[in-house]
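Biologist: I'm new to this structure and would like to learn how to read it. Could you walk me through a few features, with the general idea and then the case here?

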Amino acid sequence: MKVNLEILSSAYLLGEKSLELPRIKELVPQMMVRRRLTKAAKICVELLSRVEHFKGGRILCGSAFGELETTANILNAIHDEQPLSPTDFQNSVYNTAVSYLSILYHNHNEILTLSCGDKTARSVLKAGALKALDGDILLLLCFETLDIPNIEQVNHCIDYLESGVALVVRVTEEEATLSLQKSELAGVPNSISEMLHVAQNAPTLEHAIVEVNL
């Protein structure tokens, strides 16, 4: 089965280290709320501010590694035989970032978070294609936050440690104008690569439509 998705809007962020997000104070003016946000949640907030045609609705999110910093904090606490932080435990859940996003913008619609390793972006697109058959507009997100202490000891292939991609999509009967493939940019996480390719190329097309094989 094939489903064609029209890309209504797209945005992406790439950082070789921690991403600078200077607009976060403007986007989330309440200081106490802003302090609770994880780095991935802040990336999602920034991405949402950069896309158009999405005023609330269903959101599908993907990440291979999730909130890596909070996961590392939990493992370090276990290793050092220290008490676990309830905040770290809460924020280690894979859907934390998109849950914060929904709370911030009072979005009461369905959210779904997937984690499929290197196939995460493709899986988000497939799930998005299935959901889009209902006829509504969806927000697809992928992120990675890998900039943690000593990451260089295990990472030898990813140059962009913090990244995020957003696509606003709807189903269409029109022919595809964009192939679904990995981004040609070297050093990006494989888990965001297909969605990054779409986001990089969609703005150059009058009608950006990608074919998704289910």
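Biologist: Let's start with Glu144: which side chain of opposite charge is nearest to it, and how far away?

Modeller: Some ground rules belong here. This is a predicted model, where local features need pLDDT of at least 70 and side-chain atom pairs count only at pLDDT 80 or more, while totals for chains, interfaces and linings use all residues. Residues are numbered from 1 along each chain as its sequence is written, and side-chain values use heavy atoms, with hydrogens and water left out.

Modeller: Now the general idea: side chains of opposite charge can pair when their charged atoms come close. A salt bridge needs a side-chain nitrogen of Lys or Arg within 4 Å of a carboxyl oxygen of Asp or Glu. For charge, Lys and Arg count as positive and Asp and Glu as negative, while His and the chain ends are not counted. Buried means under 20% relative accessible area, exposed over 50%, and partly exposed in between (1.4 Å probe, protein chains only). Glu144 is buried and has no salt bridge; Lys182, the nearest side chain of opposite charge, is 11 Å away.

Biologist: What does the side chain of Glu144 make a polar contact with?

Modeller: A polar contact is a pair of N or O atoms within 3.5 Å; within protein, one must be able to donate a hydrogen and the other to accept it, and residues adjacent in sequence count only if both atoms are side-chain atoms. Here the partner is the side chain of Ser191, at 2.6 Å. Glu144 itself sits in strand E4, residues 138–145. Helices (H or I, at least four residues) and strands (E, at least two) are DSSP runs, numbered from the N terminus.

Biologist: And where does Glu67 lie?

Modeller: Glu67 is in the loop between strand E2 (59–62) and helix H4 (68–79). Glu67 is also buried without a salt bridge, and Lys39, its nearest side chain of opposite charge, is 9.8 Å away.

Biologist: How many salt bridges are there?

Modeller: The count comes to 12. In one of them, the side chains of Arg122 and Glu194 meet at 3.4 Å, N to O. Arg122 belongs to helix H7 and Glu194 to helix H8, so this pair ties together parts that are 72 residues apart in sequence. Glu194 is buried, at 4% relative accessible area, whereas Arg122 is partly exposed, at 30%. Glu194 also meets Lys182 in a salt bridge (3.6 Å, N to O).

Biologist: Why is H8 described as largely enclosed?

Modeller: Because 7 of its 9 residues are buried, H8 is largely enclosed by the rest of the structure. Its buried residues pack against E1, H7, E4, E5 and E6.

Biologist: Which residues touch the most other members of the largest nonpolar core?

Modeller: A nonpolar core is a set of buried Ala, Val, Leu, Ile, Met, Phe, Trp, Tyr and Cys residues joined through side-chain atoms within 4.5 Å. The largest has 30 residues, and Leu5, Ile7, Leu140, Leu167 and Met195 touch the most other members. Elements giving two or more residues to this core include strand E1 (2–15), strand E5 (162–172) and helix H8 (193–201). H7 supplies the largest share, 6 residues.

Biologist: What does Ile7 touch?

Modeller: Contact means heavy atoms within 4.5 Å. Not counting residues up to four places away in sequence, Ile7 touches Leu167, Val168, Val169, Val198, Ala202, Ala208 and Val210.
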